Amino acid sequence: MDHAARHADDARYRALAAHDARFDGRFFVGVTSTGIYCRPVCRVRLPRRENCRFFDHAAQAEGAGFRPCLRCRPELAPLDRHWSNQDACSILVREAMKLLDAPASWAFPESGSPLPALAQRLGVSDRHLRRVFEQDLGVSPLQYLQTRRLLAAKQLLTDTRLPVQQVALMSGFGSVRRFNAAFQARYGMSPTQMRPALRNKASTPAHRTTCTARLGWRPPYDVGAMLTFLATRQLPGVERVDSAACLYARTLSLRVDGTLHTGWLQAHFKPDANAVELKLSTGLQAVMPHVLWRVRALFDLDADPQAINNTLRHDFPGGDGLRVPGCMDGFELAVRGVLGQQITVAAARTLAARLIERFGQALSTPDPQLNRLFPTPQALAQTDPAELGALGIVRQRQAAIRALACAAFEGRLDLSDQADTPATLRALQQLPGIGPWTAQYIALRALRWPDAWPPGDVAVHAALGLSPLRGRLAEQSAALQADAWQPWRGYAVVRAWAGCHRSAHSASSESDLS
C-alpha cells in the first residue's frame with residue numbers, strides 16, 4: 001500500500017472511531033479478525049487498526065470474503081451517489097451502478113444476463129463495461145448486482161415475514177435453489193437461518209397488517225425544510241404531513257410486472273439517528289424493494305452533501321442541509337407540474353385535489369385523512385376534456401394532462417428515475433402545453449437529474465437579484481451564474497427557492513459593490 005492510500009485509510013479509521021454519519025455509505029470496513037464488514041456508524045467495539053481493511057463499496061467487501069454485519073446492517077446505508085465531472089470512466093461506472101441499484105434491474109432476463117442490455121443502455125460494449133468496473137471497483141458488474149440483490153434479500157428477511165420463496169423472487173433470483181446457493185456461498189448461512197439470528201421470531205405476530213423498514217442518510221439533513229416543502233404541496237386524501245411529529249404519510253399504487261399493488265405508507269424521520277423509519281401496509285409488502293427505492297428518491301436520502309456543498313456553499317451559505325424533494329410516482333409529479341404552471345402553489349393544490357376527488361380511486365386505510373389514490377394514467381387518458389374543464393382546468397393544461405396520460409399509459413414515456421434524461425426531456429417538450437420549465441422541473445423531481453435547470457424561474461431570478469431584468473436577458477444572466485454550480489444546479493435551484501443565496505442576506509453590500 002502506498003503512502004497516500006495508507007493516509008486515506010487512516011482518515012477512514014478516525015471516521016470509524018467517531019461513528020461519523022457523514023461517511024455512512026461512502027466506505028465500509030472489513031475486520032479481518034471476525035470476517036465481517038460494517039458501516040462507519042457501527043456501534044460495536046472499535047477494532048484494532050491493523051485488523052481493518054477499507055472498501056468503497058459493499059460489493060468490494062463481499063468480494064474480499066467479508067460478511068455483512070448483523071448489527072449495523074450495511075443494506076441500510078445511503079447508496080453511493082458521488083459524482084465526478086472529471087473522469088469519463090468513473091462517470092460510466094457511477095451511471096451503471098445507479099441502474100443496477102434499482103429493483104427494476106435485479107431480475108435476470110431470459111437471455112441469462114442483464115449485462116448486454118445494460119451496456120447498450122449506456123452506449124458501450126459489455127466488454128468495456130466489465131473492464132471499467134474491474135478498473136474502478138475491482139469487481140465485475142454482475143458481482144456488484146449480486147451484492148445488491150443479496151443485501152435487499154437480507155433486508156426483506158429481517159423486516160418482513162414474507163416467505164423465503166417470495167423474498168427470492170422479489171430480490172431478482174429466478175429460483176429458491178439459486179437463491180439459497182448464493183446466500184450460503186456469500187454469507188455462510190441459509191436464508192432461514194438469517195431470521196432467528198437477527199430477531200426473536202416468537203415475539204413477532206405471525207399475521208401482521210404492516211411491515212417496517214429503516215433507511216439512513218448522510219448528515220447534514222434539514223428535515224424541517226423537507227417536510228415544509230411537502231406540507232405546502234400535500235394533496236388531501238393522498239398525503240398527510242405532520243411536521244411537529246416529523247411524519248409523512250401517503251397512499252400509493254404501483255404496477256410491477258403487470259400487477260397493480262395498492263396501499264399506504266408512513267415515514268417517520270429520526271434526526272438523531274440520521275434515519276427514516278417506514279411502515280408499509282400489507283398491500284405494498286410484495287413490492288417493498290420498489291417502495292424503498294422510491295422513498296430514497298422522495299427524500300433524496302442518497303445525496304452526497306459534502307460534494308454538493310463544496311460546489312454551492314460559497315453562493316448559498318446556510319443551505320448545507322437542503323435536499324431536492326423527489327416523488328413517489330413520476331406521472332403524478334408530472335401532472336402536478338402541469339397543474340402548477342403560472343399559478344400559485346395553493347391554487348395548484350386546489351386543482352389537484354379536485355382531480356383526485358373526481359378521478360382517484362377510493363382506498364380504505366387506518367388513517368381517515370388517507371382515503372384516495374392519485375388518478376392512474378389510464379383514468380386520465382380516458383377523460384373527456386369537458387370533465388377537466390368543469391374542475392377549473394384551462395384548455396391548454398387539459399391537453400397537456402391528457403397527452404401525458406396517453407403517453408404514460410401506452411408506455412411511450414418513462415417518468416421514472418431510471419429514464420434516459422435527454423430523451424425524456426425531448427419527449428416531454430413534444431407534448432402540447434409542456435415547455436422547457438415544466439420539463440426541467442419534472443427532470444429535477446421525478447427523473448432525479450441533479451443538474452436540472454428550469455429556465456425563466458421567477459423565484460430563482462428574484463433570489464439571484466435579477467428582478468430588474470426581464471425575459472431573455474434575465475434567463476441568460478441566471479444561466480451564466482449557474483455555470484459555476486454544475487453538476488448540482490438542481491440543488492442550487494432548491495436553495496434559491498429557500499432564500500439561501502448570499503444576495504438575499506447581503507443585498508445592501510452587494511448593491512454598494514456594484
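In this predicted model, the buried residues of helix H15 are covered by elements that include helix H14 (330-339), helix H16 (377-381) and helix H17 (385-390). Helix H15 itself runs over residues 345-359 and has 15 residues. From its first C-alpha to its last, H15 reaches 21 Å, close to the 21 Å expected at 1.5 Å a residue. Its buried residues are Ala 348, Leu 351, Ala 352, Leu 355, Ile 356 and Phe 359. They cover an arc of only 140 degrees around the axis, which puts them on the same side of H15. An α-helix has 3.6 residues a turn, so residues three or four places apart point the same way.

Helix H14, one of the elements covering H15, also packs against helix H20 (residues 436-445), at an angle of about 145 degrees and with the two axes 10 Å apart. The crossing of H14 and H20 is right-handed. On the H14 side the contact is made by Leu 333, Ala 334, Gly 337 and Val 338, and on the H20 side by Thr 438, Tyr 441, Ile 442 and Arg 445. Sorted by class, this contact has 5 nonpolar, 2 polar and 1 charged residues.

The loop between H14 and H15 holds Gln 342, a residue with positive phi that is not a glycine. Asp 300, in the loop between helix H12 (288-299) and helix H13 (305-312), likewise has a positive phi without being a glycine. Gln 342 counts as exposed because its value is 81%, over the 50% limit.

| Residue | Phi | Relative accessibility |
|---|---|---|
| Gln 342 | about 60 degrees | 81% |

Cis peptide bonds occur at two prolines described here. One joins Pro 219 and Pro 220, with omega about 0 degrees; Pro 220 is found in the loop between strand S5 (210-216) and helix H10 (223-232). Another runs from Gln 486 to Pro 487, with omega near 5 degrees. Pro 487 belongs to the loop between helix H22 (471-482) and helix H23 (489-497).

Finally, Leu 169 is found in helix H7 (residues 164-170). This leucine is exposed, with a relative accessible area of 52%. Leu 169 and Ala 244 are 75 residues apart along the chain, and their C-alpha atoms are separated by 39 Å.

Definitions and conventions: Residues numbered from 1 in each chain as written. Predicted model: local features only at pLDDT ≥ 70, side-chain atom pairs only at ≥ 80, totals over all residues. Heavy atoms only, no water. Helix = DSSP H or I, 4+ residues; strand = E, 2+ residues; numbered from the N terminus. Buried < 20%, exposed > 50% of the residue type's maximum accessible area, 1.4 Å probe, protein only. Expected span 1.5 Å × (residues − 1). Arc of directions from axis to C-beta. Contact = heavy atoms within 4.5 Å. Axes fitted to C-alpha atoms, helices over the stretch in contact; angles between N-to-C directions. Left-handed = near helix turned anticlockwise from the far one by under 90°. Nonpolar A, V, L, I, M, F, W, Y, C, P; charged D, E, K, R; others polar.
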